[in-house]
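Subject: Handover of a structure

Dear colleague,

Please find the structure below, together with its sequence.

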Amino acid sequence: MASDYLWFEGIPFFKLGYEVEVLKSVKNEFVVRDEDVIEISYPKSGTNWLREIISLIYSKGDPNWVQSVPIWDRSPWLETEAGYEYLPKKEDPRIYSSHLPIQLFPKSVFHSKAKMIYLLRNPKDVITSAFYFYRLLKTETYPETFDQCFEWFVQGNVPYGSWFDHCQGWLQMKGKENFLVVTYEELHQDLRATVEKIIQFLGKELGPEEINSVLKHVSFEAMRDNEMSNFTLLPDTVMDHSQGQLLRKGVTGDWKHHFTVAQSEAFDKMYQEKMAGLPPGLFPWDS
Ligand code: A3P
């Protein structure tokens, strides 16, 4: 299974869309600009929700942009061949996304004032979401069963590597004024307050009607029905649409319908060991 991935500096990637030379150049040569807005997350954390929110903040709630331009063009993936080629030519302000762990991120970011938003989600729900998502992708490397998905995840043998390392790595940036941490659970619990927090962080000003419009167009149903955001525009050669949708359930706690008691206990133990050093109760799922 490990041989089916593309490996770069000990981190596995899918082969489709990624190149070692590109990953190397992204890390060493890509120039992050002070005006950039970067959405960073581990896969399946709700990245596309955040992308949609930021698009709508930039359009001041006007849905025209999100309804006419595919989400991957509004916010390209930094580390894919397509994103890496396109972003240097793009005018400011650039909005882009990345799942890269911190050690593979462009070095230039550490001297920039670019605004970074790091999105996190309960890792048990990340595993659950990933299990279904990997089956949609036209890749040879996907877990046949949930148990296999669980095993691969805890071993870090999944695209972008260990969730724990990703999280611990990026959280070193916490406290910097150009780095905001947001959780999927917060978005669920109080979408308005979380969107307002993001607006403030981005230094934007939106009126109450504009904010209402952002909230309306980022709902699960609105995104699922928007072909520019629901990934149905991807060709069948990339995504097998007969297997399901990226916007699958959009809830918190679906892991409870998938984990055995033993898996949940083993995961909790591992979580405590790997996340030791972080303040207890830091995340909504810690309590
Ligand atoms: P589920 O598979 O649990 O439904 P990513 O965008 O990082 O690939 O994450 C995908 C997950 O985010 C999916 O979770 C998807 O349903 C959820 N998601 C995407 N848009 C959402 C929205 N507007 N509201 C709630 N969840 C959303």
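Which residues come nearest to the ligand? Of the 18 residues around the ligand, those that come nearest are Lys44, Thr47, Ser129, Lys249 and Gly250. A residue is counted as near a molecule or strand if one of its heavy atoms lies within 4 Å of it.

Before the details, some notes on the source. This is a predicted model, in which local features need pLDDT of at least 70 and side-chain atom pairs count only at pLDDT 80 or more, while totals for chains, interfaces and linings use all residues. Residues are numbered from 1 along each chain as its sequence is written, and side-chain values use heavy atoms, with hydrogens and water left out.

The ligand

The shell around the ligand divides into seven nonpolar, seven polar and four charged residues. In this scheme Ala, Val, Leu, Ile, Met, Phe, Trp, Tyr, Cys and Pro count as nonpolar, Asp, Glu, Lys and Arg as charged, and the others, Gly among them, as polar. Helix 2 (47-58) and helix 12 (220-225) each supply at least two residues of this shell, and the largest share, three residues, comes from helix 2. Helices (H or I, at least four residues) and strands (E, at least two) are DSSP runs, numbered from the N terminus.

Ser129 places a polar side-chain atom 2.7 Å from an oxygen atom of the ligand. Backbone atoms also take part: a polar one of Gly250 is 2.8 Å from a ligand oxygen atom, and a polar one of Gly46 is 3.0 Å from a ligand oxygen atom. Taken alone, the ligand exposes 570 Å², and the protein buries 97% of that. Accessible areas come from the Shrake-Rupley method with a 1.4 Å probe; for residues, only the protein chains shown count as cover.

Aromatic pairs

How many aromatic pairs does a search of the whole structure find? The search finds 29. Rings of Phe, Tyr and Trp (its six-membered ring) pair if their centres lie within 6.5 Å; planes under 30 degrees apart count as stacked, over 60 as edge-to-face and the rest as tilted.

One of the pairs is formed by Tyr42 and Phe153, which are edge-to-face, at 5.9 Å centre to centre with 80° between the planes. Tyr42 lies in the loop between strand 3 (37-41) and helix 2, and Phe153 in helix 7, so this pair ties together parts that are 111 residues apart in sequence. Both Tyr42 and Phe153 are buried, where buried means under 20% relative accessible area, exposed over 50%, and partly exposed in between (1.4 Å probe, protein chains only).

Trp170 and Phe179 form a stacked pair, at 6.2 Å centre to centre with 10° between the planes. Trp170 is buried at 0% relative accessibility, and Phe179 is buried at 6%. Ring pairs also link residues into a cluster, including Tyr42, Phe131, Phe150, Phe153, Trp255 and Tyr271.

Cysteines

Why does the structure hold zero disulfides? A disulfide is a pair of cysteine sulfur atoms within 2.5 Å. The sulfur of Cys149 has its closest cysteine sulfur in Cys167, 18 Å away, which is too far for a bond. Cys149 is buried, at 1% relative accessibility, and Cys167 is buried too, at 0%.

Backbone and distant neighbours

The peptide bond from Asp92 to Pro93 is cis, with omega near -5°. Pro93 has its place in the loop between helix 5 (81-86) and strand 4.

Tyr160 is not a glycine, yet it has a positive phi of about 80°. Tyr160 belongs to the loop between helix 7 and helix 8 (163-170) and is buried, with a relative accessible area of 4%. Phe231, also a residue other than glycine, has a positive phi near 70°. Phe231 lies in the loop between helix 12 and helix 13 (261-274) and is buried, with a relative accessible area of 9%.

Asp147, in helix 7 (residues 146-155), is partly exposed, with a relative accessible area of 46%. Asp147 and Phe259 are 112 residues apart in sequence, and their C-alpha atoms are 8.5 Å apart in space. Ser98, found in strand 4 (residues 95-98), is buried at 0%.

Yours sincerely,
A colleague

Conventions
Polar contact = N/O pair within 3.5 Å; in protein donor to acceptor, adjacent residues only side chain to side chain.
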